[in-house]
Amino acid sequence: MAEGAEAERLATAQTSGWRRWGTYLAERAWGTVREDYSASGDAWSYFPHDHARSRAYRWSEDGLAGWSDAHQFVCMALALWNGNDPMLKERLFGLSSTEGNHGEDVKEQWWFLDNTPTHSYAHWRYRYPQAAFPYAELIDAGRTRGRLDPEFEIADTGVFDHGSWNVEVTHAKADADSVVMRITVRNDGPASATLHVLPTVWFRNTWSWGTDVRRPVLRSRVDTDPPADAATTVIHGEHAEFGRFAARSKPAAPALFCDNDTNTVRLYGEGGAAYPKDGINDHVISGSSTVNPDGHGTKAAFHHVVTLAPGAQTVIDVVLGPAEGDVVDSDAVVHQRRAEADEFYRQLTPAAASPTEVIVLRQAFAGLLWCKQLYHFNVERWRTGDQWPPPEERLAGRNGTWRHFDAFDIMSMPDTWEYPWFASWDVAFQSVALAHLDPEFAKAQLILLCREWYQHPNGNLPAYEWNFSDANPPVHAWAALQVFEIDGSTDHVFLARVFHKLLLNFTWWVNRMDSEGNNVFEGGFLGLDNIGLFDRSSPVPGGGVLEQADGTAWMAKYCLDMLAIALTLADHDPSYEDVATKFFEHFTYIATAAETLWQDDDGFFHDVLHFADGSDLALRYLSMVGLIPLTAVTVLSRDLRHRLRNFAFHMTWFEHNRPDYVSVVSHTMQPGKVGERLLSVVGPDRLSRLLETMLSEDHFLSPNGLRSMSREHLEHPYLLALGGNIYRVDYEPGESATALFGGNSNWRGPVWFPINVLVIEALIRYHHYLGDEYTVEMPTGSGNRISLAEVALELSRRLIGLITPDADGAALFHEYFHGDTGAGLGADHQTGWTALVAHLIIRTHADVPLSDPAT
């Protein structure tokens, strides 16, 4: 465990209030399901970027380098103006799902450089053009480019050739309730230039929806003000729930005030607030009289105007804290918190890590922490409207069966712009990475999705706000085990809490995703978006049932993970032995059923179409779907039969009395090199055949990890005539060439971190059972034979190598990576599951790559 000031704060964070403030503001709240009150459910069109500066948000706020309290009563962020743009830069700009040639896509350059678990220190960098921001050019390019064209990014416009501003924001807490927001601006242009810098403080609008009409206030002066400091400007705030506070700017600057209310005149041609949400924007841009001359409102900004020579920089500090707080020495606070962050990460980083790995690990964790946001969404209130009745179509529309859902929590998001909402399987992977950094928060995230106000009464876990009912792969139990082990394997209460709720979820899967009761599972798209011939969440064209190799494998893995949890808990409570027996038996049923998905002639698992006339058709293309069965593996330790005799008795009984099932997993009765038992869908006899394909450079093995589709399909696409249509799967190593599932992600070739990490873990478990004597060729056909542990290590190194800091030492963490070149694709701040790179860096340099994989 780490020591030092940040570690001490983290240890007492639940009671000391050090989590009360943080970088909890999203970078996009427009275009989200929560803000969509349309009849059609077109969230992007209902609340576009053009409305964001003028329209009050209902559920949460957004901003640049944002800061807020955990309830988001008070928000603070940065606004900029280069003197040429038609609007203030208050939020990141990007294209909507219909504007981009590969779906939604942010068109900015920024980096998350640092953050600590208590947000005592955070660092952010942004590059802002000195010429007019090319809004129209970016929109036009997105609309005119096709799916086979690369995305048109801001750098492609050439706007930075005319000069840019390097803007860095540091948040450093003086104490649990006071923070220094340090803004450092540098002129990176060829000539002297002027920039308007507007640190902005505002209240989330809680007064317009009929539930609490009390209006908080920000004002420039109060009667109790001490004599004004000529070097400082103060904005005072008062909120009925939050209390009194103050924001102090140094150097001094004029304070501008408006209200966080919708500009109904601009948007709807109707009368409304005199000084609406975009009042400061309009005043700065065009001199409009849209700021309150009396110096009060619910949104305020310090208006700094700085002119700098080329290469020159300036610093602006804003201290936000209690109204009667002590004077803060900003320099001392920033320097101290930076030193404490350095010490915290020095202890967390393996001593053998390379200089590049040191940077990547710290910025991966920084991104994870910047992606923590307030997630606020009450589905019933959203469906029925607030003060205004919604269109009738909404009552039968999206998430209509999730009326119990009521979230108001700080959550780990996949990406603060492209995915400013949680996704259940993303949360699982994110929690594994977070566990190295902040195990209590990681555990709380996994528990949260299982609480009554999230989990459906039928047991389903909410997938994501676009459709809570979608089925994400059931990796929650795996994540709970990982977090438990990373945290020291002592918090059995946490493990039991998750286990009890996952029993409901497991039952939901069995009842809903095994339509024919044969232990072969469906599940729909299962997070792999466009990997199928057709939309796997829709009815099969021409009728029939799609029996999925990945759905079946996920359920086999779910059984084994639940078995491992039950056995771990049984060491402390024998009553868990009975349920462990249930999961052992259920695993054998599923593993037996998976036989129908194995095609012996090509040594691979495939989805199978089962038609009403009883005929079957295997979909014989090679995708990640057929590798997921590898991940369903666990090892039972040799002393298990002595530790848990009741479980051992029933396992022995089952082995002798149900040979029809056990014969399929006969390897379970064969002790490994050190006496363990292997439970797996893929036995040692088939393992070599599957790995031969997986480790072939003509199929899945790339210089940067495992592809999601065999490269063979580049020249040999898979074609199928069905229901009067021709369906086709190609190897597409880059962006998606189809619009399936929105077209903004691609599982037909690129390298994805989450599945790669699961395969790596599985290989280590197989190695634990088979030993060093079991070797495979890597790459296939090379003659280079290595152990499975060495394969796992090599795959880890290839994945780690995907993240490369730029010349300034800043790294981006993309959603997925080109299957041939390794170029980053998709969301470029996906320090959600791509932050698993930090997990890999720590594991590859550990004395033991994983904690003992034997249960």
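1. The protein has 23 helices and 35 strands; helices (H or I, at least four residues) and strands (E, at least two) are DSSP runs, numbered from the N terminus. The radius of gyration is 28 Å, close to the 29 Å from the globule rule for 855 residues, so the protein is as compact as a globular protein of that length. That radius is taken over C-alpha atoms, and the globule rule is 2.2 Å times the number of residues to the power 0.38. Along the principal axes, the C-alpha atoms fill a box of roughly 85 × 60 × 50 Å.

2. This is a predicted model: local features need pLDDT of at least 70 and side-chain atom pairs pLDDT 80 or more, while totals for chains, interfaces and linings use all residues. Residues are numbered from 1 along each chain as its sequence is written, and side-chain values use heavy atoms, with hydrogens and water left out.

3. Of the 855 residues, 64% count as buried. Buried means under 20% relative accessible area, exposed over 50%, and partly exposed in between (1.4 Å probe, protein chains only). Among contacts (heavy atoms within 4.5 Å) between residues at least 6 apart in sequence, 72% join residues at least 24 apart.

4. The count comes to 53 salt bridges, each a side-chain nitrogen of Lys or Arg within 4 Å of a carboxyl oxygen of Asp or Glu. Side chains of opposite charge can pair when their charged atoms come close.

5. Is Glu99 buried or exposed? Glu99 counts as buried, at 17% relative accessibility. Its salt-bridge partner is Arg143, the closest N and O atoms being 3.5 Å apart. Glu99 sits in the loop between E4 and strand E5 (105–106), and Arg143 in helix H5 (residues 135–144), 44 residues apart. Arg143 counts as exposed, at 54%.

6. Glu380 forms a salt bridge with Arg403, with 2.9 Å between the closest N and O atoms. Glu380 lies in helix H10 (residues 379–384) and Arg403 in the loop between H10 and strand E20 (406–412), so the pair ties together parts 23 residues apart in sequence. Glu380 is partly exposed at 23%, and Arg403 is partly exposed at 48%.
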